[in-house]
Structures are given as C-alpha cells and as structure tokens.
Amino acid sequence: MKTSLSLFVMMLILFPCLKGQTVLPANMYPDSLHTPFIYGVASGDPLPGSVILWTGVNPDGPTDEIPVNWEVATDSNFSGIIQSGNVIADSASDFTLNVTVSNLNPGTVYYYRFFTNQNEYSVKGRTQTAKTGNISSLNVAVMSCSSIYSGFFNAYRRLGERDVLDCVIHLGDYVYDYADSDEEIRMPVPAHTEPASLSEWRERHKYYLLDPDLRFARQQHPWIALWDNHDLSGKSTQSGGSKAFREYLPVRHTGKTLADTIYRSFAFGDLLDLWICDVSMYRDVDTLPDGSPAIMNTAQSEVLMDGLTGSSAKWKMMGSQKMMGGWYTNGIPQQVLDLVPNDGPVFDNTSWDGYPSSRNQILQTLRSNQIDNFFVLSGDAHVSIAMDLIENPHDSLAYNPETGEGSIGVEFLPASISRGNVDEAGVASFLIPAFTTLSDDANPQHVYSEFTAHGYGLLAISPDSIIARYMYSPILALSNTETNAKTLVVKDGENHWSRPAATDITE
C-alpha cells in the first residue's frame, strides 16, 4: 500500500499547501450544490411507524441558531408531502439535527429533505420504515471499520446504489481517531491528529462527510449504527467522541440514563428480532455468577437473554462490535504467528474469545431452551469469516465440521470497508494462502475465511433461509468494480451454514 503514497506526493507537488490551509486528498469535497447542507442527509433507527432524519447545517457567519424546515413525501418529486415541520439547529449540537418523524406507515419507502427560510434545499434523502406483520423477505447490508485514511469508499458507493435494502447496519469504527502509518493512503495535509476534545471529534465527523460516497450511502438507506473504540478513543467518553457520534449519526435515544448507552433492539414483524449489543464499552464492567469477567454489563445481558427466550420471530439476530465465535491459533507454527497480531491461544482476547464464559452463557441458553435460528453479526476484525457457533469446535463428539451438526447458530463477519487487514499488517502476499489454510485447520468451525479483501456483507432474509453474500471492492483507487466473492446459506432450523457453499445462487 505504501507505493500509492508516491501518487499522493505528486498530487501535493501539483497542488501545494498554503500556510494554514488544508489540502484534501482525492474525492473529498462538500456538497456545495446544496449549501448550507454541505454534509448531506441521513436517516436511521427505523421502527414500523417512525424513523430519524438527520442533517447538518454549515453556518454562514457567527450565529447560535438557524431555523430549518423539513418535509417527508411518498414520492421523490415531493408532490405527495405527508408531513412537514420546523426545527432549530443550534450551536449546542454543532448545528446538527436529529428529527424523529412518527405516525408513518410500516414497511414504506419515504423521501425527505430539509430547507432554510431562504429556500435553500438539501439533497433529497430516501428512507424506509420497518416492516411488520407476516414478512416474506428482508434485505440488510452489514459493515464496519471504515477508515477514510486507508483507502477509497468504493464500497459505500456500491451500497448506496442498491435499491432493494431495508436497512444497513454499521457495527463500529465508523470514524477513525488516527491513521496507521502503513495505511496513509488518503491523508489531508497537514495530517490529522487524534481528537482530544468535543470540537475535534466534531471536526472529524465533518471531515468524513466530505466524502461523496459516504454521503450517498447515508442518503439512500436508513442506518442502524453502533460505535466502537476508534469512534470514542477507546472506552472513554470524556473526550466528546460519544456526543459527536450521536450528533452526526441518526441514533435513537434509548431513554436510559447513561449517556454512553447505545445498545438497543429492533423488530421486523414475525421474521426478525435484532439486538444491537455494545461489547466495546462494557467489557469488564460486571462479572458473571461464576466470577468471570463479563463482556457485557448485566443490564444489557439481561435484555438480550430475555429477548432471546421470549422471541417468537423466525430469526434471532445479534450484532456486536467483536467476533463472538472462536478464532484459535491451535497448531499454527510460532514463526507464522510472529507475523500476525495474536494473543497466544486466540487471535484476539478483546473479542468474545477473551470472555468464553459470556459466550457460553448465551450458547447454553440457546441450547437449553431449544432456540433455533440464532444469527450473529460482527465487525472489528477487518477480515471475512463465516462460522458455526459451538462451545468447543474441537470436540468431535459434540460437533461435526463436515456437516455442521452440533452447531447452535452461525456468525457472519464481513470485511472492513477500508481498514487494513492481513496484507496491510505486513504479511507477504505469497504467505497469505498458507496462513489461511493454517487458520482454517485450527478452526474447523470456520466455513469461509478471506483475509485481504474489503467491502461489506449482504443478507437476504426469508422464512426458510438467510442467504449471506460477501461483497468486495478495491480501495486503492476510485472504482466501479464489485465482486460477490462468496455466497453462503443457513436454513431454517439447521443452526449451521449449509455444506457446500451455495455459490450458484444469483441475486
């Protein structure tokens, strides 16, 4: 990836940086056609009768308040406006707006826009409320780890171009606090430093929204967003990362008293119950009954457990920042492990691998209550892995990796949008196939693994199955290319990925 830096250096020579002026990398610019709404629009947290609409206003001179109007219509021409209102964008929220629109119809596509009293209009947004009742299909995109410094957001552009999506789920590291030295592909000059205050976190979010591909993905679909450590500077909320995150993304307040509480749940009729869990903020806060450290706080864990045992939906889906199933290093030679980050017997003990009692608590709850169709979404690892979920995948009496028999559920981890993975970490390309084989041998529950590509995942959810697709895009240059690299299926009641992979399924 370092070879691309020479192109960037040439760009700087052609466009020298004046003192005190920031030079932006390629494909970074505000939406000047819709001033003062230069950061675009977004929507999020869809419920059957409600959705949150977002925009940010760029003030033209010193002011504390800017009146803004909004409209919701059933058509993109806004000939059928069904709701409208006016709000104040103020300096206390950095002139961002999160407007909750209620009394909408379930499972319905709406269009929205904002405008000032001077008739300056934002770009038109498209959103959708959650389906309810007897549902035959849902289409969901899943993503994480979008470093604007590591490459281009081609995946966001492809995602925005998809018309048939009910929502998109971002599982954290939506913005990055810093850039790794070996991933400085799209760097401004002067380079950014780690945010240390609320104002600096706000500037980071505004910088991200200079990317037109990100703006487009936010404009086209309702998002369900979750933060991770890079959104917050670790687990701390003192620097203002959590407040800026809530200001710049359409996230519904849960009504809980803690400002750092973002875990919440969604229902999509009789087809899907979804729990968005925060295991980044709450690691080691509470302990389990056996005294083991917990990856989730007790209150959040109780919400999840009660939800799983009480759910009547066909599919029970949990999303969290970290990989839930095991990623073990058993049998991998030490000289190989020296080349990649790992934590001894597992690759990452900040994931659920470092909290096996927390993982087993959920898996055993599923098993003892005979709960089928448990599906886990995860992020953070920057790689692609699909796996069966089992307490001990190396127990041949409890689990058959050839068929998947014995599995309690499945996990789907798409690649990062752009943040570096194994090859960016320094592993030579000719060694990666061998490393992949060694990892698969050490983890018989892994049905698919890919350690170099970037993109997102697609889920086609129906009563009889979930079809999962890995969608990859290049990151080192602007591109229209996208590859459906792998398609997997889990069938109703089987609780494991089908063998063999369903590579012949078309969209």
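**Reading the features one by one**

Author: Let us begin with accessibility. This is a predicted model, and in it Asp180 has a relative accessible area of 24%, so this residue is partly exposed.

Reader: With which residue does Asp180 form a salt bridge?

Author: The partner of Asp180 is Arg419, and the closest N and O atoms are 2.6 Å apart. Arg419 lies in the loop between strand 16 (409–413) and helix 10 (432–442), while Asp180 lies in the loop between strand 9 and helix 3, so the pair ties together parts that are 239 residues apart in sequence. Arg419 counts as buried, at 4% relative accessibility.

Reader: How many salt bridges does the count come to?

Author: The count comes to 19 salt bridges. One of them is formed by Arg113 and Glu71, at 2.8 Å from N to O. Because Arg113 belongs to strand 6 and Glu71 to strand 3 (residues 65–73), this pair ties together parts that are 42 residues apart in sequence. Both Arg113 and Glu71 are buried.

Reader: How far apart are the closest N and O atoms in the salt bridge of Asp348 with Lys322?

Author: In that salt bridge the closest N and O atoms of Asp348 and Lys322 are 3.8 Å apart. Asp348 is in the loop between helix 8 (334–337) and helix 9 (356–368), and Lys322 is in the loop between strand 13 (315–320) and helix 8, so parts 26 residues apart in sequence are tied together by the pair. Asp348 is partly exposed, with a relative accessible area of 23%, whereas Lys322 is buried, with 6%. Salt bridges can also share partners: in this way Asp94, Glu203 and Lys206 are joined into one network.

Reader: Which residues does a cis peptide bond join, with omega about 5°?

Author: That bond joins Val189 and Pro190. Pro190 is in the loop between strand 9 (167–170) and helix 3 (198–208). A cis peptide bond, with omega about -10°, joins Arg499 and Pro500, and Pro500 is found in the segment after strand 20 (483–491).

Reader: How many aromatic pairs does the count come to?

Author: The count comes to 21 aromatic pairs. Among them is the edge-to-face pair of Tyr112 and Phe114, 6.4 Å centre to centre and with 85° between the planes. Tyr112 and Phe114 are both buried. Phe153 and Tyr208 form a tilted pair, with 6.1 Å centre to centre and 45° between the planes. Ring pairs link Phe153, Tyr156, Tyr174, Tyr208, Trp223, Trp227 and Phe245 into a cluster.

Reader: Which residue lies over the face of Phe153?

Author: Arg186 does, at 5.9 Å from the ring centre. The charged end of Arg218 sits over the ring of Trp54, 4.6 Å from its centre.

Key:
Residues are numbered from 1 along each chain as its sequence is written. This is a predicted model: local features need pLDDT of at least 70, side-chain atom pairs count only at pLDDT 80 or more; totals for chains, interfaces and linings use all residues. Side-chain values use heavy atoms; hydrogens and water are left out. Helices (H or I, at least four residues) and strands (E, at least two) are DSSP runs, numbered from the N terminus. Rings of Phe, Tyr and Trp (its six-membered ring) pair if their centres lie within 6.5 Å; planes under 30 degrees apart count as stacked, over 60 as edge-to-face and the rest as tilted. Buried means under 20% relative accessible area, exposed over 50%, partly exposed in between (1.4 Å probe, protein chains only). A charge sits over a ring if NZ of Lys or CZ of Arg is within 6 Å of the ring centre and within 35 degrees of the ring normal. A salt bridge is a side-chain nitrogen of Lys or Arg within 4 Å of a carboxyl oxygen of Asp or Glu.
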